[in-house]
Amino acid sequence: VPFLATALKRREKRYNNEIAMAKFEVDWLHNSPAYHQAMEFLKENWVKTSKGDFVSKKDLEDDIAVGFDDLLSSFKEEQENGMDEGGGGGLI
């Protein structure tokens with residue numbers, strides 16, 4: 001049993017050292033200039049959704065610029081092209 005206790009203590013010490021090293025690396029990363037540049041780039045160019053996904057601000061602007069009628073026309077055109085090529089029916 002003393003051998004088992006010693007082995008457990010060694011594993012505990014090794015585990016605690018690995019956790020300390022991981023925390024040190026995270027702190028180092030978060031304080032690095034490259035990390036700050038990357039976070040700034042994300043803030044400037046991307047939006048985080050409520051689900052945690054990232055969406056390009058440019059894509060959002062492009063989507064907003066397209067009017068409903070244009071979008072509906074493109075759906076109808078896609079459906080017509082799909083039926084011409086033997087595709088199935090669509091929603092519209």
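K58 counts as exposed, with a relative accessibility of 52%. In this predicted model, the K58 side chain meets that of D62 in a salt bridge, 3.2 Å from N to O. D62 is partly exposed, at a relative accessible area of 37%. Both residues sit in helix α3, 4 residues apart, which is about one turn of the helix. Side chains of opposite charge can pair when their charged atoms come close.

Now turn to helix α1, residues 2-30. Here K9 forms a salt bridge with E12. The closest N and O atoms are 3.8 Å apart, and the cut-off is 4 Å, so the pair counts. K9 and E12 are 3 residues apart in the helix, a separation of about one helical turn. K9 is exposed, at 56% relative accessibility. E12 is partly exposed, at 42%. The count of salt bridges in the model comes to 2.

Step back to the whole chain. The protein has 4 helices and 2 strands. From the N terminus, the order is α-α-β-β-α-α. Of its 92 residues, 4% count as buried.

Methods
Residues numbered from 1 in each chain as written. Predicted model: local features only at pLDDT ≥ 70, side-chain atom pairs only at ≥ 80, totals over all residues. Heavy atoms only, no water. Buried < 20%, exposed > 50% of the residue type's maximum accessible area, 1.4 Å probe, protein only.
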